[in-house]
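The sequence and structure come before the discussion.

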Amino acid sequence: MPGDVPPIGFLGAGQMATALARGWLAAGLVTPDHVRASDPVPQAREAFTTETRVRAGANNLEVVALSELLILAVKPQSMPALLSEIRPQVMARHLIVSIAAGVTLKQLAEGLGPKCRLVRVMPNTPCLVGASASGYAAGEAATENDLNLVERLLNAVGRAYRLPEHLLDAVTGLSGSGPAYVYVMIEALSDGGVHMGLPRDVATALAAQTVLGAAQMVLQTQQHPAVLKDKVTSPGGTTIAGLHALERAGFRTALIDAVEAATQRARELSKLA
């Protein structure tokens, strides 16, 4: 087995499952014949197989039987039915990793049994390009070896942080939903460039590269964003004029509100599961 990673089964073959599978394949941790997936939607199965070259069918129990690491990647509202279906087939060999927003470890344990080895993860889609930001929390029966495996898989496609479970909804609101906020920002910056006369392709590339470079500066220098911001901001210059416009428009407040709204929605989903 590549890198001693056990056979992986995805229960749910949507976009996040596809992103994780592609990321692990690209990192060389698994090969297509080392992974299986299931999904009730034919289009999802076809897209998963097209993107990953991994076999995907409609039978959840077949995936459970062929796997040791199960990734629960269904919508939160579909989780109770899935847990009820697979519970009789989940064995001691199985490590269960849930990436469903808002579904708690307690709910997973109630659905699968208290002895089940559980880890709850909140990844995000940039795992597709090796740049995911993930948080994870362990169930009571999970071992250190289980957590080392999960951390290894997540760090192979980005950065992972072990957290108390009660903080995972905030991870959902920040990094889980955050890529969408950044895409809107890149689109808006590109629109601004076009408004000022730049060709669309150049404006979008400049905007995306600027976001990438700024993020790398924060991660690599370990300096506070405010310090880095001040280094770009000259007295009476162009940047302070732009920052003034952002402050006047409530830019900071809008982003804080977005994280808060997404976090609250994750908490609501946990009550629906």
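How many cavities of 30 Å³ or more does a search of the whole structure find? The model is a predicted one, and the search finds one such cavity.

**Cavity**

The space in the largest cavity comes to about 70 Å³. Its lining consists of Leu20, Trp24, Leu69, Ile71, Val97, Ile99, Val121, Val150, Leu153 and Leu154. H1, E4 and helix H6 (144–155) are the elements that give two or more residues to this lining. H6 has the largest share, with three residues. By class, the lining of the largest cavity holds 10 nonpolar residues, with no polar and no charged ones.

**Second largest pocket**

The second largest pocket has a volume of about 760 Å³. Its lining counts 31 residues, and those nearest the centre of the pocket are Met16, Ala73, Val74, Lys75 and Pro76. At least two lining residues come from each of helix H1 (15–26), helix H4 (79–86), helix H7 (168–176) and helix H12 (251–272). H12 gives the most, with four residues.

**Sheet**

In which order do the eight strands of the open sheet lie? The order is E3-E2-E1-E4-E5-E6-E7-E8, and the pairing is mixed. Strand E3 (56–57) and strand E8 (158–162) are the edge strands, each pairing on one side only. E8 is paired with strand E7 (residues 132–138) in the parallel sense, over five bridges. In this region, Ser132 is opposite Gly158 of E8. H4 packs on the sheet, where it touches strand E1 (8–11), strand E4 (69–72) and strand E5 (95–98). The direction of H4 makes about 155 degrees with that of E4.

**Helix contact**

H4 also has a helix as partner: its axis and that of helix H5 (residues 105–112) come within 8 Å and cross at roughly 35 degrees. On the H4 side the contact is made by Met79, Leu83 and Ile86, and on the H5 side by Gln107, Leu108, Gly111 and Leu112. Of the residues in the contact of H4 with H5, five are nonpolar, two are polar and none is charged.

**Aromatic rings**

A pair of aromatic rings is described by the distance of the centres and the angle of the planes. A search of the whole structure finds two aromatic pairs. Which residues do ring pairs link into a cluster? The cluster is made up of Phe10, Trp24 and Phe48. Trp24 is also one of the residues lining the largest cavity.

Definitions and conventions. Residues are numbered from 1 along each chain as its sequence is written. This is a predicted model: local features need pLDDT of at least 70, side-chain atom pairs count only at pLDDT 80 or more; totals for chains, interfaces and linings use all residues. Side-chain values use heavy atoms; hydrogens and water are left out. Rings of Phe, Tyr and Trp (its six-membered ring) pair if their centres lie within 6.5 Å; planes under 30 degrees apart count as stacked, over 60 as edge-to-face and the rest as tilted. On a 1 Å grid over the protein atoms alone, a cavity is a set of points where a 1.4 Å probe fits but cannot get out, and a pocket is an open set with protein on both sides within 12 Å along at least five of seven lines; lining residues have an atom within 4 Å of a point. Grid points are joined across faces, edges and corners, and a volume is the space filled by probe spheres set on the points. Two strands pair if DSSP finds at least two bridges between them. Contact means heavy atoms within 4.5 Å. Axes are lines fitted to C-alpha atoms, for helices over the stretch in contact, and angles run from 0 to 180 degrees between N-to-C directions. Ala, Val, Leu, Ile, Met, Phe, Trp, Tyr, Cys and Pro count as nonpolar, Asp, Glu, Lys and Arg as charged, and the others, Gly among them, as polar.
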